[in-house]
Amino acid sequence: MKRVEIVQIGVGNVGRAVARMVLKERGNWLERWDLDVRYRAVADRSGALGGEELLEEALDLKERGGKLAGLGVEPLRYVISEPPEYGVRRVVLDLAVNGAPYPLDLQAAMGGAGLVLSNKGPLSRSYREYRALTASAGEGLRYEATVGAGLPVISTLQSLLRSGDDVYEILASPSGTLGFILSAVERGSSFSGAVREAVERHYAEPDPRDDLSGLDVARKALILARALGRSLEPEDVPFESLVPEHLVEVSTQEFLQRLEEADEAFAGRVQAAGSRGNVLRYLARIPAEGPVEVGLREVPRSSPFSRLSGAENAFVFRTRRYSELPVTVTGPGAGPECTASGVVYDLLQVARESFERSEEVLKRA
Ligand SMILES: NC(=O)C1=CN([C@@H]2O[C@H](COP(=O)(O)OP(=O)(O)OC[C@H]3O[C@@H](n4cnc5c(N)ncnc54)[C@H](OP(=O)(O)O)[C@@H]3O)[C@@H](O)[C@H]2O)C=CC1
Ligand SMILES: N[C@@H](CC=O)C(=O)O
C-alpha cells in the first residue's frame with residue numbers, strides 16, 4: 001500500500017471543500033491505485049490540529065467561523081519540522097491566503113514533501129524567493145488552482161512548452177470576481193449588490209479589494225509569466241485599481257457596508273462603454289517578451305471576452321503551432337468546488353508521481 005499524509009494549511013472555503021472531497025473520494029483511490037491518503041494535520045491561523053479524529057468537527061467549526069485552537073492545536077512549524085513515518089509520502093496543501101506560509105512551504109519542500117498550492121502568495125513574491133521554492137520542490141510542486149481555479153491552465157501551458165512549442169502570448173480574463181461583477185452590472189445589477197454576491201458565492205478573496213484592485217489578477221499574470229520562463233518581479237506587473245480612492249484605507253467590514261457609494265460611478269463606466277457598443281473586461285496580457293499588461297479594457301461585443309459571464313474565465317494561448325487559431329481554455333474560474341477539484345487532482349498527481357519516481361530508482365539500483 002502507498003501511504004500519503006496531508007498537511008493542509010488553510011481551512012477556509014477552499015480548504016473545507018478540499019477536505020470534504022478527500023474524505024469522500026479516498027476510498028476510490030485506495031481501490032484504484034492502492035493509495036491510502038490520510039490527514040496528518042489541518043491548520044488555520046491559530047495552529048495545527050493533528051490527526052483525523054476531530055477533523056469533521058473541525059470542518060463544522062470552521063464553517064461556523066470558529067478557530068481550530070478551540071479543539072487543541074500545536075504550532076504548524078512543529079508539524080512541518082517533524083518528518084513523516086518511514087515509507088509515508090507527505091504532501092503539503094497551501095490553501096491559505098497571501099505569502100505568510102512561504103517559509104513553511106519552503107521548509108516542507110526542502111524536506112522532500114510534495115507541495116500543492118491554491119494560494120498565489122508563495123509564487124508571487126520576489127523572483128529569488130520564487131526560484132528558491134520551485135527549485136527546492138522540483139517535480140513535487142503543483143499549482144494548477146492558483147490560476148483559473150480548477151481549469152487546466154497551468155497544465156496546458158506546461159504541455160505546450162514541454163512539447164517544444166513557443167508560446168508568444170497569453171491573453172486572459174482571469175478573475176472570476178471581476179468577471180462576475182462586470183457582467184452583472186451590464187445586466188442592470190448594482191455594483192454593491194454584485195460585489196456582495198461574489199463574496200457570498202466565495203469567489204472573492206477574503207478582502208474583495210484584493211480582486212477589485214487588480215492585485216489578484218496581477219499575481220496570476222506574474223505566475224503565468226514566470227511559468228513562461230520570465231524572471232519578473234512583482235513590480236514588473238503594474239495593475240489598475242477599481243477601488244474608489246476614499247474606500248482604500250477603511251476596514252473590510254466598512255468597505256462592504258459603504259459599497260453603495262461606488263454604485264453610480266461604476267454603472268456610469270459600464271454604460272458609457274455600452275453606448276459605444278462595447279463592454280468592460282478586466283484583462284491580462286502576458287507576452288513572451290515585453291511588458292505584462294493588466295487592467296480594465298473596453299472590448300467590442302464581437303470579442304470572445306465580451307461573451308464571458310458570471311465567474312467564467314478565458315485564457316487564450318497564441319503559439320508558433322497555434323498561431324491562426326489559438327488554444328483557448330474557458331470555464332468557471334472561481335468557487336470553492338472548482339478550486340478543490342484542481343487541488344485534489346494535483347494532490348493525486350504529486351502523490352502518484354512521487355511513488356513512481358522511487359520505483360524507478362529502485363529498478364535502476
Ligand atoms: N475562492 C476561490 O474561488 C479561489 C481561491 N483561490 C485561493 O485559495 C486560497 C484560499 O481561498 P479561500 O478558501 O476562499 O479563503 P478563506 O479566507 O476562506 O480561507 C483562508 C484560510 O487560510 C487560513 N490562513 C490564512 N493565513 C494563514 C497562515 N499564515 N497560516 C495558516 N493558515 C492561514 C485562514 O485561517 P483563519 O480561518 O484562521 O483565518 C483560513 O482558514 C486563497 O489564496 C485564494 O486566493 C484560488 C482559486 C480560486
Ligand atoms: N478571487 C479569485 C479566486 C480565484 O483565484 C477570483 O475571483 O478569480
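Asp-34 sits in the loop between helix 1 and strand 2. Helices (H or I, at least four residues) and strands (E, at least two) are DSSP runs, numbered from the N terminus. Phi of Asp-34 is near 60°, a positive value in a residue other than glycine. Most residues other than glycine have a negative phi. Asp-34 is exposed, with 11 other C-beta atoms within 10 Å. On this scale a residue is buried if 20 or more other C-beta atoms lie within 10 Å of its own, exposed if 12 or fewer, and partly exposed in between, with C-beta atoms placed from the backbone.

The model is predicted: local features need pLDDT of at least 70, side-chain atom pairs count only at pLDDT 80 or more, and totals for chains, interfaces and linings use all residues. Residues are numbered from 1 along each chain as its sequence is written, while chains are lettered from A and ligands numbered from 1 in the order in which they are written.

Ala-149 also has a positive phi, of about 55°, although it is not a glycine. Its place is the loop between strand 6 (141-142) and helix 6 (154-162). Ala-149 is buried, with 28 other C-beta atoms within 10 Å.

The protein chain holds 13 helices and eleven strands. Its C-alpha atoms fill a box of roughly 65 × 50 × 35 Å along the principal axes. For 365 residues, a compact globule would have a radius of gyration near 21 Å, and the chain agrees with 21 Å. The radius is taken over C-alpha atoms, and the globule rule is 2.2 Å times the number of residues to the power 0.38. Buried residues make up 45% of the 365. Of the contacts between residues at least 6 apart in sequence, 69% join residues at least 24 apart. Two residues are in contact if their C-beta atoms, placed from the backbone, lie within 7 Å.

The chain is divided into domain 1 (2-148 + 337-364) and domain 2 (154-334). These bounds come from an automatic or database domain assignment. The domain centres, taken over C-alpha atoms, are 27 Å apart. In the interface, 14 residues of domain 1 are in contact with 21 residues of domain 2. The domain 1 side comprises seven nonpolar, five polar and two charged residues. Ala, Val, Leu, Ile, Met, Phe, Trp, Tyr, Cys and Pro count as nonpolar, Asp, Glu, Lys and Arg as charged, and the others, Gly among them, as polar.

Ligand 1 lies between the domains, because domain 1 and domain 2 both give residues to its shell. This ligand is surrounded by 30 residues, and the closest are Gly-10, Gly-12, Val-14, Asp-44 and Arg-45. A residue counts as near a molecule if its C-beta atom, placed from the backbone, lies within 6 Å of it. Helix 1 gives the most to the shell around ligand 1, with three residues. By class, that shell has 15 nonpolar, ten polar and five charged residues.

The residues around ligand 2 include Ala-149, Tyr-203, Glu-205, Asp-211 and Asp-216. Its shell has four nonpolar, four polar and three charged residues. UniProt lists Glu-205 for "binding site" in an unreviewed entry; such annotations may be inferred rather than shown by experiment, and positions follow the numbering used here, with feature names shortened. Glu-205 lies in the loop between helix 8 (191-200) and helix 9 (209-212). Glu-205 is buried, with 21 other C-beta atoms within 10 Å.
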